[in-house]
Amino acid sequence: MRRSWRARVLARVLPLALASPFLPAVMATAPPNLHLLSPRTVAPLLGALRDASTDTPKFVFYASRLHTLLAEEALAWQSDDEVSITTPTGAVVAITPACRAAELCAVSIVRAGDALLESVRRCEPGISVGKVLIQRDESSADKLPKLFYSKFPPDIADKKVLLLDPMLATGGSAKMAVQCLVERGVEASRITFVNVVCCPEGLQSLLEAFPSLRVVSAAMDDGLNEHKYIMPGLGDYGDRYFGTL
């Protein structure tokens with residue numbers, strides 16, 4: 001019997017993904033406000049995304065599964081309260097309830113961040129949405145970011161914010177987006193940056209600028225190459241997700 005394309009892809013990438021140094025566990029020196037998903041959980045998904053032969057439909061399929069894991073992890077960090085509930089067996093236990101949608105805002109860094117936004121809204125349909133359009137200047141050696149547009153809910157300063165962008169490379173775009181939010185009255189400690197792949201350089205730059213910021217990521221890669229691209233990386237996320245290669 002011929003295996004499905006899903007089974008064929010997983011059979012090829014899973015052994016490599018699990019043994020890969022590109023999926024490190026949480027390092028002893030990692031900052032306490034960095035939260036990486038379980039390497040075992042994300043290994044087959046990241047392996048498929050890294051594979052250059054993965055076409056757009058398959059990329060979207062695996063990316064969407066990974067985005068859901070990231071969304072649930074990020075949402076879980078938004079509530080610190082405990083309440084007591086009674087289970088069907090009569091036991092009384094303390095739980096952490098989900099944060100109310102009215103207290104939250106998801107802000108995507110256009111365009112790649114919109115891919116993550118879809119999963120966040122599926123997990124929390126009532127969440128309000130903001131947008132930031134920031135692009136790297138590819139003609140500059142340092143790939144400096146440029147801000148083109150921002151739009152936030154009028155009560156953004158009162159909300160906890162999930163800032164969404166799949167790749168954290170130099171950290172320039174992320175820092176500019178956080179600064180936009182801070183200028184609108186959002187405390188950095190109430191912002192969670194959610195991304196698929198980060199690297200040490202971008203993470204250090206972002207957290208040096210905003211030490212109280214929380215970061216939720218699927219993996220930390222080795223670092224940047226001479227062109228300021230994440231290595232080993234997985235290519236241009238927006239192009240691969242939206243089929244504009």
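Tutor: Let us begin with the terms for helix packing: an axis is a line fitted to C-alpha atoms, for helices over the stretch in contact, and angles run from 0 to 180 degrees between N-to-C directions. Helices (H or I, at least four residues) and strands (E, at least two) are DSSP runs, numbered from the N terminus. This is a predicted model, in which local features need pLDDT of at least 70 and side-chain atom pairs count only at pLDDT 80 or more, while totals for chains, interfaces and linings use all residues. Residues are numbered from 1 along each chain as its sequence is written, and side-chain values use heavy atoms, with hydrogens and water left out.

Student: At what angle do the axes of helix 3 and helix 4 cross?

Tutor: The axes of helix 3 and helix 4 (residues 113-123) cross at roughly 60° and come within 8 Å. Angles under 35 degrees count as roughly parallel, over 145 as roughly antiparallel, 65 to 115 as roughly perpendicular and the rest as oblique, and helix 3 and helix 4 are therefore oblique to each other.

Student: Which residues of helix 3 and helix 4 make the contact?

Tutor: Contact means heavy atoms within 4.5 Å. Helix 3 contributes Ser64, His67, Thr68, Leu70, Ala71, Glu72 and Leu75, and helix 4 contributes Ala115, Leu116, Ser119, Val120, Arg122 and Cys123. In general, an α-helix has 3.6 residues a turn, so residues three or four places apart point the same way.

Student: Which residues of helix 4 are buried, and what covers them?

Tutor: Buried means under 20% relative accessible area, exposed over 50%, and partly exposed in between (1.4 Å probe, protein chains only). In helix 4 the buried residues are Gly113, Asp114, Ala115, Leu116, Leu117, Ser119 and Val120, and their cover includes helix 3, strand 4, strand 5 (128-136), strand 7 (160-164), strand 9 (191-198) and helix 7. In the protein chain, which has 7 helices and 12 strands, buried residues make up 47% of the 245 residues.

Student: How many aromatic pairs does the structure hold, and how should I read one?

Tutor: A pair of aromatic rings is described by the distance of the centres and the angle of the planes. Rings of Phe, Tyr and Trp (its six-membered ring) pair if their centres lie within 6.5 Å; planes under 30 degrees apart count as stacked, over 60 as edge-to-face and the rest as tilted. The structure holds 3 such pairs, one of them the edge-to-face pair of phenylalanine 59 and tyrosine 237, at 5.3 Å centre to centre with 70° between the planes. This pair links distant parts of the chain, with phenylalanine 59 in helix 3 (residues 56-76) and tyrosine 237 in helix 7 (residues 237-242), 178 residues apart. Phenylalanine 59 is buried at a relative accessible area of 0%, and tyrosine 237 is buried at 2%.
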